[in-house]
Amino acid sequence: MKSLTPDVMVTSLGQVGGILAVIVVAVVVLELILYFLLKKILHYRYALPFMLIAPGLVGLILLNVYPIAYELYIAFSNMNLLRFRNPSHSLAIGWENLKSVFTAPVLKQQYFFPVFLRTMLWTGIQVFFHVSLGLFLAILLNRPMKLRGLYRTLLVVPWALPQVVASLAWRGEFNFEYGFLNVMLTRIGLQAIQWKSNPFWNFTAMNITNIWLGVPFMAVILLGGLQSLSKSYYEAAEMDGARPWKQFSSITLPLIKPIMTPAIVLGVIWTFNNFNVPFFINENNLETSDILVTALFRAAFDFNRYGFSAMFAMVIFLILFGITIVYMKAVSFSPSALAGSKARETLTVGEEK
Amino acid sequence: MKTKSRFYRFFNRSVGDSPAKRVVIHFVLIIACIISIYPALRVFSVSIRPGNRVLSTDLAIIPAGATFEAYASVVRDKDFLLWIWNSFFITITTSAIGVIIASTSAYGFSRWSFPGRNAGLIALLMTQMIPAPMLMIPLYILAYKLGLINTWRGLVIAYSVSTIPFSIWILKGYYDTIPIELEQSAMIDGASRMGAFYRIVLPLSAPSLAIAFLFNFTSAWNEFLLARIMLQKKEMLTWTLGLRQIQGQFQTQWAEFSAAAIMISVPVMILFFLSSKWLVSGLTLGSVKE
Amino acid sequence: MKKWVCVFLALAVLAGGLFAKGGVEAPKGPVKIALWTQEGESEGSFQFVKKLADAYTALYPNITFDVLNKETEALRQDFLAASLAGSAPDLVLTVNDHAGPFSVADVIQPVDSLFDLKLYLPSAAAIGSKTWGVPVSSGNHLMLLFNKDMVKTAPKDTDELISVGKTLTTGGKYAIVWNQTEPFWLVPWLGGFGGSVFDKDGVTPTLNTKAMVDTLQFLYDLKSKYAITPKEADYATMDTLFKEGKSAMLINGDWSLGDYSKALGDKLGIAPIPMVSATKKWPAPYTSGKYFMIPKSVTGDTLKAVVAFINFYTNYENQIDMAKTLSRLPALRKATADEYVKNNPVLRGSTSQLVLGTPMPAALEMRCNWDAMKPELNAVLAGTKSAADAAKAMQDAAVACLKTIQ
């Protein structure tokens, strides 16, 4: 094509080579500094692990700390279009913003709590279906059968497809005249559904799309879990005369809990903050289909309420954080103690004593 | 030998499944597969439909008068190959860097119980909780101040770093399932700590490394917001930005858009299928291997 | 013949240059202009912008361009973010209502002193006493398009629309379709019922009026009582229905004329949206166009180059070229009197609607109106709200929105 010449390719590779060299040098320098500091000077017991995590840590701090700090700064200001370049900052303004998040409409008419409840409902429905359908598929696939490879390949398509393509595809399917769903409904004699303009059906549409998108991921994880379960448990249970449902609830579920729990935690976080699906399926910008992150986006970019939306973002973040911590405590999930790691407490291997 | 209960057989290896049950299972799976791929097939059918029409009540996957003209037009008249090239080398580079950094970091988290470890893991989790659009303006300012706008540098750094948290989680989960005795015996034989890592743990973690690479690839390949901030030149667009060019404010060349959408899905799908055998075993966020 | 064309071209360029205010010459030193435009490739307009940029570089090799297309919303957000970061582009070619947010945020400069605006039709990027954008084309307005195979002439008023419509809506076909999801398609009818979104001061919303209630009711009736239009239709749907010959009439804008001309050839008819029988008023679609806006940070040689380029872009010859290539009406007064513009059937039909239109407000407050109207319009058409309730809700939402942008 006209623009892709060897010239262009060489330039871009050159630039990338340049930055790679810079990264390598920076990492080496960082490691040397840490080495001398931690090991030679301080004789720190945990010198090596810190050296290992240092490059990633530094990168994450660079990428995340400045933006978060900036947003925090803006959250305490009244920045919008009128006060674009020179907003005023103060604790009082920040407090006002915080109050407005809860007392004033966050969209044009919707207040915080309805949107929050809807977000929880959305997350709950999604995780429930992801896990149950994922487990169902995983169980079906957990057996030697012909075509298993083919099934696994095809069932992963929703996950492999870029979200842009998937959103486009599903938006088309919810079209009143031409979408697959309405065409099928009318062919069997039912009334076509107004997916785009009716609040209830639009919310349903969002859910259908995200279930389609999210089940493969969960199915794969659970299949991995199921495959690692040893048959001996079931054989022992058989011999003890345990009934089918008891086997499932006493053996299968508890044993795959260590795999399900992190998957559910991640699923909750990703679904709660899922922007693409609610945004794109909600073609008519129905406020009744907005969840917290889409409302945040509109506040920030449609209405240019930068100060307010920065505070709003903080609130959303803290809520999600709170939910995650509560859930993890409730299922006694500890990030450092994943399953089978009783041996983890005796981590040290000799030289670190 | 006692006959296995139906339940046992259902939830475990299919010893002695009745043919009827097998048929039912296959039937259910086939339905699931159709549901999985149908929307993608519809996008495909738009791409080969003549006359720039995105919608049609004709449910046939292959419409009448199907033509691949849209594909040719996208490659010929738009900078499609350039976009693919840009996306491709950025994605490969950042995925590789991300996996390398994450693999060593995850080892640190897995094998040592250092102070701040739990906090660190939670902090990694927290990075997933930040609503992305909020970071747009500060990232723009940061990128401008560091002179990263319109360079590949900025994007490489940003993408590599943003994939690290999730990669660490996956890799750490996998390392946790590798018995520490293996490294211990290697060290007794004289290997250094990191030597044991390179020679024993890494090779064993190949499935997980592949999956981490796959995830990094997918997220960088599909990324849009950061690219929009950093890339302001026509020659420097990735496909996510390029695709927007085919969308007008009201009018869109739907056939071209769908053709481009199908074509950009191909690399990711291929990567998925190539690594599918590792998908199940490598994606352990934790397991029960004893 | 070629010789005369060359002479004419040379004279035109010369004339264009002479007419520029203050005779601003292009600077001599090297200048790189980063131009962001909302003009897309699929409408053919991006290619046109690029063509003129390249032509200018051919005339003045020291001035080069970096032309980038950004989708409308992305353009607005990114331009604001870039301005805040200090890395704004040098020139923006976009829709008129971006002038509202950009002028309030103080990131663009007024153009009154840089150009002789009397040469152009009134700019819809004028807010209050200042003009923020130089017009490049006129239009962006909705009009009635019809398929001559299905209906010979366009209905003159809404009574005729309904009666003809009933005969046309049979066998899975519809009489008329429009984009039911966007309030842009509502405002012409609002004008037809004698209403307006703003009060005379141009900033106070007046959405809860009898005219609005009548408009909403009328739109709802078209699909429920008279049933001459589909229950749900967004842009893609109406476009497809019309192209497939499943709808006799369509309300769409001048940007789509090129595409429909290609699809329907001379079966395409253009007419003003039918007069509202109840009020005997013509519907007044919003007219605007595309505008060059100059970021505040542009000064010195770059500013000179930008001004000179804008003059080149909007000179007589290029305006006619635009009319021919994009089927858009020119903004330069002299060009609107040109033979081609007067005689080309598509442009003539477009003009007949344009003269009945009203300039689209560019004030920042307009955003509140759009956002207030959209969900209520959707609710009325979905049958979940009555027209009266919706009008009141619109007004409340607009007023609440105005508070938040203070």
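In what sense do strand 8 and strand 11 of chain C pair, and over how many bridges? I looked this up in a predicted model. Strand 8 (residues 142-147) of chain C pairs with strand 11 of chain C in the antiparallel sense, and I find four bridges. I picked out one residue pair: L145(C) has I270(C), in strand 11 of chain C, as its bridge partner.

Next, the sheet in chain C. I read the strand order as 9-10-8-11. The sheet is open, has four strands, and its pairing is mixed. Strand 9 (174-177) and strand 11 (268-271) of chain C are the edge strands, each pairing on one side only.

Helix 5 (residues 158-168) of chain C packs on it, touching strand 9 and strand 10 (247-253) of chain C. The direction of helix 5 makes about 125° with that of strand 9 of chain C. Helix 9 (residues 257-264) of chain C lies across strand 8, strand 10 and strand 11 of chain C. I note its angle to strand 11 of chain C as about 140°.

Last, the surface of chain A. I find a nonpolar patch made of V24(A), V28(A), L32(A) and F36(A). Together they have about 370 Å² of accessible area. I looked at L32(A) separately and placed it in helix 1 (residues 6-41) of chain A. Is L32(A) buried or partly exposed? L32(A) counts as partly exposed because its relative accessibility is 46%, and that class lies between the cut-offs of 20% and 50%.

Key. Residues are numbered from 1 along each chain as its sequence is written. Chains are lettered from A and ligands numbered from 1 in the order in which they are written. This is a predicted model: local features need pLDDT of at least 70, side-chain atom pairs count only at pLDDT 80 or more; totals for chains, interfaces and linings use all residues. Side-chain values use heavy atoms; hydrogens and water are left out. Patches are made of residues with over 30% relative accessible area and no salt bridge: like charges are joined within 9 Å, nonpolar side chains (Val, Leu, Ile, Met, Phe, Trp, Tyr) within 5 Å. Accessible areas come from the Shrake-Rupley method with a 1.4 Å probe; for residues, only the protein chains shown count as cover. A salt bridge is a side-chain nitrogen of Lys or Arg within 4 Å of a carboxyl oxygen of Asp or Glu. Helices (H or I, at least four residues) and strands (E, at least two) are DSSP runs, numbered from the N terminus. Buried means under 20% relative accessible area, exposed over 50%, partly exposed in between (1.4 Å probe, protein chains only). Two strands pair if DSSP finds at least two bridges between them. Contact means heavy atoms within 4.5 Å. Axes are lines fitted to C-alpha atoms, for helices over the stretch in contact, and angles run from 0 to 180 degrees between N-to-C directions.
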